[in-house]
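Colleague: Could you take me through one part of this model in detail, namely how its helices pack? I would be glad of the cut-offs as you go.

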Amino acid sequence: MFAKMLIRWTRSPAALLFMPIMTLVMFVFGFIMASVIITTGEETTWFAMGTLMAGIVPLFASPFFFALSYSQEFNLALSLGSTRREFITGYLLRQAVLLLLTYGLVFALGQLESLLYPLMFPGIVKEAGFTPLELFCDLRLLIPMFAVSLIMPLFFGSLIARFGKVAWLVIYFGFLLLSFNISHILDNQMLIRFVLGVPLSAWYAVGAAVLAAMLITGLLLSKKQAVK
């Protein structure tokens, strides 16, 4: 079973390389952007923009990338003799390994970024408040982010495989709607007060229930999905 998994993984080099490469690309982009701001704006503090941009990859970018490729991987695996159980087990295991490596890479890049700014801009200090590195090292946030990044590709991918372009368009425009309105959501004081007023344990319970429902739905749809 594990031998089949490894063989199937190597048949999808894009799936193996997407998160590490995109994490590095986004880190460089964020670091350059922050460096330009410091240089042109005569800033006296630095913010780990590169680490923040790198951390977006496993949390937001990878679920949509893998959701789009899920049906192709599913069809290829089953056409080569794998069972649905073998494919899904191997898929989740591969995603878990890739996420562990990617979040490890984000941590390493965060350490590197914290060394680069003082070297490049002597006398500059870290901006007060939380840093992206602290965010991605906080297990209270890291574990939920890991779970979301692991389950969402299976859920979205199974919907796209079952319902085709309709599901893809709903997911795509839903993501765009959320992206364009995130600033308004964060500025809504009534909503913020409500969120902060609910115990953290309750949010964990709600999140766990939603992710469990997404996982079960993905598994059920994959179980009934015909090979094309």
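Modeller: Helix α2 (residues 13–41) packs against helix α4 (residues 84–120) at an angle of about 20 degrees, and their axes are 10 Å apart. Here helices are DSSP runs (H or I, at least four residues) numbered from the N terminus, while axes are lines fitted to C-alpha atoms over the stretch in contact, with angles from 0 to 180 degrees between N-to-C directions. α2 and α4 are therefore roughly parallel to each other; that label covers angles under 35 degrees, with over 145 counting as roughly antiparallel, 65 to 115 as roughly perpendicular and the rest as oblique. On the α2 side the contacts include Leu16, Met19, Phe27, Phe31 and Ile38, and on the α4 side they include Arg94, Leu98, Leu105, Leu109 and Tyr117, where contact means heavy atoms within 4.5 Å.

A word on the source: this is a predicted model, in which local features need pLDDT of at least 70 and side-chain atom pairs count only at pLDDT 80 or more, while totals for chains, interfaces and linings use all residues. Residues are numbered from 1 along each chain as its sequence is written, and side-chain values use heavy atoms, leaving out hydrogens and water.

A search of the whole structure finds 1 salt bridge, that is, a side-chain nitrogen of Lys or Arg within 4 Å of a carboxyl oxygen of Asp or Glu. Its partners are Glu73 and Arg94, with the closest N and O atoms 2.7 Å apart. This pair links distant parts of the chain, since Glu73 sits in helix α3 and Arg94 in helix α4, 21 residues apart. The two helices themselves pack at an angle of about 160 degrees, and the axes of α3 and α4 are 10 Å apart. That makes α3 roughly antiparallel to α4. Once again the crossing is right-handed as α3 passes α4.

α3 (residues 49–79) also meets helix α6 (residues 139–163): their axes come within 7 Å and cross at roughly 30 degrees. α3 and α6 are therefore roughly parallel to each other, and their crossing is right-handed. Among the residues making this contact are Pro58, Ser62, Phe66 and Tyr70 of α3, together with Met145, Ser149, Pro153, Phe156 and Gly157 of α6.

Definitions and conventions
Left-handed = near helix turned anticlockwise from the far one by under 90°.
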